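Good morning, and thank you for coming. Please look at the sequence and the structure together while I speak.

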Amino acid sequence: MTTEIFIYEDATSDAQELNETIESVAENRQTTVNVTTFNHANDLLQAIETHEPDLLFMDIDAGKGEPDGISLAKRIRIWSTDLPIVFVTCMQEWALLGYEVQALHYLIKPATTQEVEICFNRLEKLTGHRLKKRPSISIISNYKTLRIPVDAIQYAEVKGNTVTIHLPGRSIPSNTSMTSLEQQVGDALLRCHRSYLINPRFVKHIDSNDFVLTTGERIPIRINGRKSTIAQYHDWIMRHMDEED
């Protein structure tokens, strides 16, 4: 089984050195790795959207014109709450900021084989105890296939032939039909209207004929079957509260 590893590093020499260290450790452990290096944030984000790696090494102090590693990690956490991230830095005081985004570990440049070995050990321990993977769906957007965590979806709406999926801070248009989307998410989202699916976790309260989300947005409740839809919402909340307990 191949372990997919991404490196975000603006300095080519540093990226190459870390890559060689990772491959050396992997060879000693008889582990197969596939390492991909990125020096631009947008390229990294696009890659993670389409194919999430098993482990991400990120330089905290990125190059000029690029977001720092902590800011970038916060954006990644919108998509993935459990992607293991290892920060790489020249200054130890920067490493403390990694706790804000639940970093797996941090390395001081240049990373030694012993430190990378620790990262692999922590990754094995983490994945060995991870009981279930975060559910996600597959959609086509702008001719690209994207993987989206279901629990990150606030709501989806259809207008014409386009289904727009709304996430925190981002909306994604898709040619995926509402029926196909509903089949993929199962009971994780609630069909509250012919044109809308909502994630009950993001509902703040019910007001008149609308679900009011935590963002302040109002999602209409179908007129025919309104009582049934509200009952389904309350059942959903009770059921998922029991599952979390």
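Let me begin with a term: a contact means heavy atoms within 4.5 Å. With that in mind, consider Glu4. Leaving aside neighbours within four places in sequence, Glu4 is in contact with Asn34, His51, Pro53, Asp54 and Leu55. Glu4 belongs to strand S1; helices (H or I, at least four residues) and strands (E, at least two) are DSSP runs, numbered from the N terminus.

Some remarks on the source are needed. The model is predicted: local features need pLDDT of at least 70 and side-chain atom pairs count only at pLDDT 80 or more, whereas totals for chains, interfaces and linings use all residues. Residues are numbered from 1 along each chain as its sequence is written, and side-chain values use heavy atoms, with hydrogens and water left out.

Is Glu4 buried or exposed? Buried means under 20% relative accessible area, exposed over 50%, and partly exposed in between, with a 1.4 Å probe and protein chains only. Glu4 has 18% relative accessibility and therefore counts as buried.

Now the protein as a whole. It has 7 helices and 15 strands. Of its 245 residues, 44% count as buried. Among contacts with a separation of 6 or more, 55% are between residues 24 or more positions apart.

I turn to the interior. In soluble globular proteins, nonpolar side chains tend to be buried together. A nonpolar core is a set of buried Ala, Val, Leu, Ile, Met, Phe, Trp, Tyr and Cys residues joined through side-chain atoms within 4.5 Å. Here the largest such core has 19 residues, and those with the most contacts inside it are Ile5, Leu18, Ile22, Phe57, Leu107 and Val116. Two or more residues of this core come from each of strand S1 (2-8), helix H1 (12-28), strand S2 (32-38), strand S3 (55-59), strand S4 (85-89) and helix H5 (113-129). Which residues does Leu18 touch, not counting those up to four places away in sequence? They are Ile7, Phe57, Val88, Leu107, Ala111 and Val116.

Next, a pair of helices. Helix H2 (residues 41-50) and helix H3 (residues 69-79) pack at an angle of about 20 degrees, with their axes 11 Å apart. The axes are lines fitted to C-alpha atoms, for helices over the stretch in contact, and angles run from 0 to 180 degrees between N-to-C directions. Angles under 35 degrees count as roughly parallel, over 145 as roughly antiparallel, 65 to 115 as roughly perpendicular and the rest as oblique. H2 and H3 are therefore roughly parallel to each other. From H2, the contact is made by Ala41, Leu44, Leu45, Ile48 and Glu49, and from H3 by Leu72, Arg75, Ile76 and Trp79. The buried residues of H2 are Ala41, Leu44, Leu45, Ala47, Ile48 and Glu49. They pack against S1, S2, S3, H3, S7 and strand S10 (170-174).

Finally, the backbone. Where is Pro110 placed? Pro110 lies in the loop between strand S5 (105-108) and H5, and a cis peptide bond with omega of about -10 degrees joins Lys109 to Pro110. Asn142 is not a glycine, yet its phi is positive, near 50 degrees. Asn142 sits in the loop between strand S6 (136-141) and strand S7 (144-149), and at 59% relative accessibility Asn142 counts as exposed. Ser208, also not a glycine, has a positive phi of about 55 degrees. With a relative accessible area of 49%, Ser208 is partly exposed.
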